[in-house]
Amino acid sequence: MNLPFHIAKRYLFSKKKQNVINVISMISVIGVAIGTMALVIVLSVFNGFDGLIRDLFGNFDPDLKILPRTGKTFVPDSTFQQIRKMENVVFYSEVLEENALLKYGNKQRPAIIKGVDEEFILMTGIDTMMVEGNFLLNSGKHQFAVLGYSVARDLGVGLTFTNYIKFYVPKRNAKLGLNPMNAFSTEYLYPSGYFSIQQDFDSQYVLVPLDFARKLFDYTNEVSGIELSIKNQDEIENVKGQIQVLLGDDFVVKNRFELHDVLFKMMQSEKMAIFFILAFILVIASFNVIGSLTMLILDKKNDIATLRSMGAEEKTIQKIFLLEGWLISLLGAAIGVGLGLAICFLQIKFGLITLSGNGAFIMDSYPVDVHFTDIFIIFTTVVSIGYAASRYPVRYITKRFLQFN
């Protein structure tokens, strides 16, 4: 039998001479449990928002995107046909992105015009994010534009097909004459619908057929990027490396997260900042453990003298109270993790806590995604803080009693 552990367990659950020690021990457990529960819930909500944003970006961004290292456009050569035929490449979409000025009625605003081919809709699933109208770019006889919701709202675009959208783009190598409008290319399209994915996309993009974009921007076979969908998500980095070797230094291949590296790095930084803030709160809560152990050692000074007279070494006596403090942290951590997981799973199943906004968000309740790696890190952190908080009173106070015995 592990004698120090057995004694520490009895000290934790047995009634003390002074009832206030039981109260302080219970407060210590509750404080650790609440801090642990908060860590589990908050980090799981951060994971939920992170997963939600990744899914939303997946409805617009490809798994991999090939961009020119210098310049804005390029003409795909035979090397790109090899990429199209790669086993792991499911969809291969050529795109052309440029800025243009849009005018609808008396309203106008700039936007990013993205010309896409037929594989774009198959690759992204953007047709599932339509809020009004249909995702229709080409009906055979006529071509259409699909706008981001914020772009359509700002222009006041309707879907009655009575008014068209005018696209204005400066002509390449144009010279200003007596009429400034001669320096602009002008094209027209009717809108077919609006999509809503994420504010960055909704407020910037207008999707048009690729051949219309080439005509508008005065290109022939040029593209600004190649977007790829990969069959096996676990192989994305391997495929990215293969394509990069194949293309050389003239091109850069980016995955979905590298296309928005600032946003994802900011989210990770926020998650880490919240973790350390709540961990610091746990450190403050651990002072209850220090107080509980201090009073317990004072309460058990006769037991210390008895154990000492029975031949117990100093390390053994210290180990008893160190285990006592550790058990308080373990119990609080276990209860906190259990409560945190229970609340997270209830939120996932029933959406108990809703987002205020009267339908302005794409979901009604806070998203939650439990990562058991986070649970392990939280549990380890809490137990480590408890162990560190227990060492000082145990080593200092017990040593003082042992000096007088």
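Me: Which residue forms a salt bridge with Asp63, and how far apart are the closest N and O atoms?

Reply: In this predicted model, Asp63 forms a salt bridge with Arg256, and the closest N and O atoms of the pair are 2.7 Å apart. Asp63 sits in the loop between H2 and strand S1 (64–68), while Arg256 sits in the loop between strand S10 (251–255) and H9, so the pair ties together parts that are 193 residues apart in sequence.

Me: Is Asp63 buried or exposed, and is Arg256 buried or exposed?

Reply: The word buried applies under 20% relative accessible area. Asp63, at 7% relative accessibility, therefore counts as buried, and Arg256 is buried as well, with a relative accessible area of 16%.

Me: Where do Arg84 and Glu119 lie, the two residues that form another salt bridge?

Reply: Arg84 lies in helix H3 (residues 78–84) and Glu119 in helix H4 (residues 119–124), so this pair ties together parts that are 35 residues apart in sequence. The closest N and O atoms of Arg84 and Glu119 are 3.8 Å apart. Arg84 counts as partly exposed at 33% relative accessibility, and Glu119 counts as partly exposed at 24%.

Me: How many salt bridges are there in the count, and which residues are linked in a network?

Reply: The count comes to 14 salt bridges, and a network of salt bridges links Lys65, Glu97, Lys114 and Glu227.

Me: How should I read a charged residue such as Asp202, which is buried yet has no salt bridge?

Reply: One can look at what surrounds the side chain. For Asp202, in helix H6 (residues 199–202), the nearest side chain of opposite charge is that of Arg153, 8.3 Å away; Arg153 itself forms a salt bridge with Asp154, with the closest N and O atoms 3.6 Å apart. The side chain of Asp202 does have a polar contact of 3.1 Å with the side chain of Ser196, and a polar atom of the Asp202 side chain lies 2.8 Å from the backbone nitrogen of Ile197. Beyond its neighbours within four places in sequence, Asp202 is in contact with residues including Gly148, Tyr149 and Phe195.

Me: What should I look for in the nonpolar cores?

Reply: In soluble globular proteins, nonpolar side chains tend to be buried together. Here the largest nonpolar core has 31 residues, among which Val40, Phe321 and Ile378 touch the most other members. Helices H2 (19–58), H9, H10 (287–299), H12 (314–350) and H13 (372–403) each supply at least two residues of this core, and its largest share, 9 residues, comes from H12. A second, separate core of 25 residues includes Ala100, Leu147, Val208 and Leu216.

Me: Which residues of H9 are buried, and how should I read their spacing?

Reply: An α-helix has 3.6 residues a turn, so residues three or four places apart point the same way. In H9 the buried residues are Phe264, Met267, Lys271, Phe275, Leu278, Ala279, Leu282 and Ala285. Helix H9 (residues 261–285) reaches 36 Å from its first C-alpha to its last, close to the 36 Å expected.

Me: What span should the 37 residues of H12 have, and what does Ser329 touch?

Reply: At 1.5 Å a residue H12 should span 54 Å, and its end C-alpha atoms are 54 Å apart, which agrees. Ser329 has its place in H12 and is buried, with a relative accessible area of 1%. Not counting residues up to four places away in sequence, Ser329 touches Val32, Val382 and Gly386. Just after H12, Gly351 takes a positive phi of about 60 degrees.

Methods: Residues numbered from 1 in each chain as written. Predicted model: local features only at pLDDT ≥ 70, side-chain atom pairs only at ≥ 80, totals over all residues. Heavy atoms only, no water. Helix = DSSP H or I, 4+ residues; strand = E, 2+ residues; numbered from the N terminus. Buried < 20%, exposed > 50% of the residue type's maximum accessible area, 1.4 Å probe, protein only. Lys, Arg positive; Asp, Glu negative; His and termini not counted. Salt bridge = Lys/Arg side-chain N within 4 Å of Asp/Glu carboxyl O. Polar contact = N/O pair within 3.5 Å; in protein donor to acceptor, adjacent residues only side chain to side chain. Contact = heavy atoms within 4.5 Å. Expected span 1.5 Å × (residues − 1). Core = buried A, V, L, I, M, F, W, Y, C linked by side-chain atoms within 4.5 Å.
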